[in-house]
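Let's take a walk through this model, starting with the whole chain and ending up at one helix pair. Keep the 3D view open as you read.

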Amino acid sequence: MDKIEALSAFGALGQSTRLDVFRLLVKAGDEGMLAGEISEKLGVRQNTMSANLSILAQSGLIRNKREGRSIRFFADMGGVRGLLAFLMEDCCGGRAELCQPVIEKIACV
(Lines give C-alpha, C1' and ligand atoms only; values in the text may rest on other atoms or scores of the structure.)
Protein backbone atom coordinates (compact mmCIF):
# COMPACT_ATOMS: atom_id res chain seq x y z
CA MET A 1 0.00 0.00 0.00
CA ASP A 2 1.28 3.46 -0.82
CA LYS A 3 0.57 6.83 0.78
CA ILE A 4 -2.34 7.68 -1.56
CA GLU A 5 -4.06 4.35 -0.86
CA ALA A 6 -3.53 4.80 2.90
CA LEU A 7 -5.06 8.28 2.75
CA SER A 8 -8.06 6.84 0.90
CA ALA A 9 -8.50 4.19 3.60
CA PHE A 10 -8.24 6.74 6.40
CA GLY A 11 -10.65 9.05 4.57
CA ALA A 12 -13.14 6.20 4.27
CA LEU A 13 -12.86 5.43 7.98
CA GLY A 14 -12.99 9.11 8.92
CA GLN A 15 -16.80 9.17 8.80
CA SER A 16 -18.90 7.75 11.63
CA THR A 17 -21.23 5.48 9.61
CA ARG A 18 -18.42 4.06 7.50
CA LEU A 19 -16.35 3.31 10.59
CA ASP A 20 -19.37 1.54 12.11
CA VAL A 21 -19.86 -0.47 8.89
CA PHE A 22 -16.21 -1.49 8.79
CA ARG A 23 -16.21 -2.59 12.42
CA LEU A 24 -19.47 -4.50 11.89
CA LEU A 25 -18.00 -6.35 8.90
CA VAL A 26 -14.82 -7.18 10.81
CA LYS A 27 -17.02 -8.64 13.55
CA ALA A 28 -19.10 -10.59 10.98
CA GLY A 29 -15.94 -12.36 9.81
CA ASP A 30 -16.03 -14.81 6.91
CA GLU A 31 -19.84 -14.80 6.76
CA GLY A 32 -20.01 -11.11 5.90
CA MET A 33 -23.37 -9.37 5.76
CA LEU A 34 -25.94 -8.48 3.14
CA ALA A 35 -26.25 -4.77 2.37
CA GLY A 36 -29.81 -4.69 3.72
CA GLU A 37 -28.71 -6.35 6.96
CA ILE A 38 -26.01 -3.71 7.43
CA SER A 39 -28.51 -0.91 6.83
CA GLU A 40 -31.00 -2.41 9.26
CA LYS A 41 -28.42 -3.14 11.96
CA LEU A 42 -27.06 0.43 11.86
CA GLY A 43 -30.39 2.16 11.23
CA VAL A 44 -29.21 3.84 8.02
CA ARG A 45 -31.33 4.30 4.88
CA GLN A 46 -30.34 1.91 2.08
CA ASN A 47 -29.42 4.63 -0.45
CA THR A 48 -27.15 6.29 2.12
CA MET A 49 -25.66 2.92 3.02
CA SER A 50 -25.03 2.14 -0.64
CA ALA A 51 -22.92 5.29 -0.99
CA ASN A 52 -20.95 4.47 2.16
CA LEU A 53 -20.35 0.87 1.08
CA SER A 54 -19.08 2.12 -2.27
CA ILE A 55 -16.56 4.44 -0.62
CA LEU A 56 -15.32 1.65 1.65
CA ALA A 57 -14.99 -0.73 -1.30
CA GLN A 58 -13.04 1.84 -3.32
CA SER A 59 -10.68 2.30 -0.37
CA GLY A 60 -9.84 -1.43 -0.40
CA LEU A 61 -11.12 -2.05 3.13
CA ILE A 62 -14.18 -4.08 2.15
CA ARG A 63 -15.11 -6.36 -0.73
CA ASN A 64 -18.41 -7.68 -2.01
CA LYS A 65 -19.90 -10.75 -3.63
CA ARG A 66 -23.15 -10.86 -5.57
CA GLU A 67 -25.65 -13.46 -4.39
CA GLY A 68 -28.54 -13.40 -6.85
CA ARG A 69 -30.20 -10.01 -6.43
CA SER A 70 -28.36 -9.27 -3.20
CA ILE A 71 -24.81 -8.22 -2.44
CA ARG A 72 -22.87 -9.59 0.53
CA PHE A 73 -20.07 -7.46 1.98
CA PHE A 74 -16.96 -8.58 3.84
CA ALA A 75 -14.06 -6.82 5.54
CA ASP A 76 -11.10 -7.15 3.17
CA MET A 77 -8.39 -8.38 5.49
CA GLY A 78 -5.80 -8.06 2.71
CA GLY A 79 -6.57 -4.33 2.62
CA VAL A 80 -6.35 -4.17 6.40
CA ARG A 81 -2.96 -5.93 6.35
CA GLY A 82 -1.78 -3.51 3.68
CA LEU A 83 -2.79 -0.51 5.77
CA LEU A 84 -1.18 -1.94 8.90
CA ALA A 85 2.00 -2.75 6.99
CA PHE A 86 2.10 0.81 5.64
CA LEU A 87 1.71 2.24 9.15
CA MET A 88 4.37 -0.04 10.61
CA GLU A 89 6.72 0.07 7.63
CA ASP A 90 9.52 1.83 9.50
CA CYS A 91 8.90 0.39 12.95
CA CYS A 92 11.65 -1.19 15.00
CA GLY A 93 14.36 1.02 13.53
CA GLY A 94 13.39 0.23 9.95
CA ARG A 95 13.22 -3.52 10.53
CA ALA A 96 9.58 -4.05 9.57
CA GLU A 97 10.02 -7.84 9.53
CA LEU A 98 10.06 -7.72 13.33
CA CYS A 99 6.51 -6.30 13.27
CA GLN A 100 5.15 -8.79 10.73
CA PRO A 101 3.92 -11.28 13.36
CA VAL A 102 1.92 -8.46 15.00
CA ILE A 103 0.40 -7.42 11.68
CA GLU A 104 -0.53 -11.02 10.85
CA LYS A 105 -2.10 -11.59 14.27
CA ILE A 106 -4.14 -8.37 14.15
CA ALA A 107 -5.27 -8.99 10.54
CA CYS A 108 -6.44 -12.57 11.24
CA VAL A 109 -3.82 -14.32 9.11
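**The chain as a whole**

Of the chain's 109 residues, 33% count as buried, where buried means under 20% relative accessible area, exposed over 50% and partly exposed in between, with a 1.4 Å probe and protein chains only. Keep in mind that this is a predicted model, in which local features need pLDDT of at least 70 and side-chain atom pairs count only at pLDDT 80 or more, while totals for chains, interfaces and linings use all residues. Residues are numbered from 1 along each chain as its sequence is written, and side-chain values use heavy atoms, with hydrogens and water left out.

The C-alpha atoms fill a box of roughly 50 × 25 × 20 Å along the principal axes. Inside it you'll find 7 helices and 3 strands; these are DSSP runs numbered from the N terminus, helices being H or I with at least four residues and strands being E with at least two. Reading from the N terminus, the order is α-α-β-α-α-β-β-α-α-α. Take the contacts (heavy atoms within 4.5 Å) between residues at least 6 apart in sequence: 51% of them join residues at least 24 apart.

The 3 strands make an open sheet, ordered 1-3-2, with antiparallel pairing; two strands pair if DSSP finds at least two bridges between them. Strand 1 (33-34) and strand 2 (62-67) are the edges, each pairing on one side only. Strand 1 is joined to strand 3 (residues 70-75) by 2 bridges, and Leu 34 has Arg 72 of strand 3 as its bridge partner. Helix 2 (residues 16-28) lies across strand 1, strand 2 and strand 3, at about 85° to strand 3. Such angles run from 0 to 180 degrees between N-to-C directions, with axes fitted to C-alpha atoms, for helices over the stretch in contact.

Next, look at helix 3 and helix 4 (residues 46-59), which pack at about 110° with their axes 10 Å apart. That angle makes helix 3 roughly perpendicular to helix 4, because 65 to 115 degrees counts as roughly perpendicular, under 35 as roughly parallel, over 145 as roughly antiparallel and the rest as oblique. Helix 3 brings Ala 35, Gly 36, Ile 38, Ser 39 and Leu 42 to the contact, and helix 4 brings Gln 46, Met 49 and Leu 53.

Leaving aside residues up to four places away in sequence, Ser 39 touches Val 44, Arg 45, Gln 46 and Met 49.
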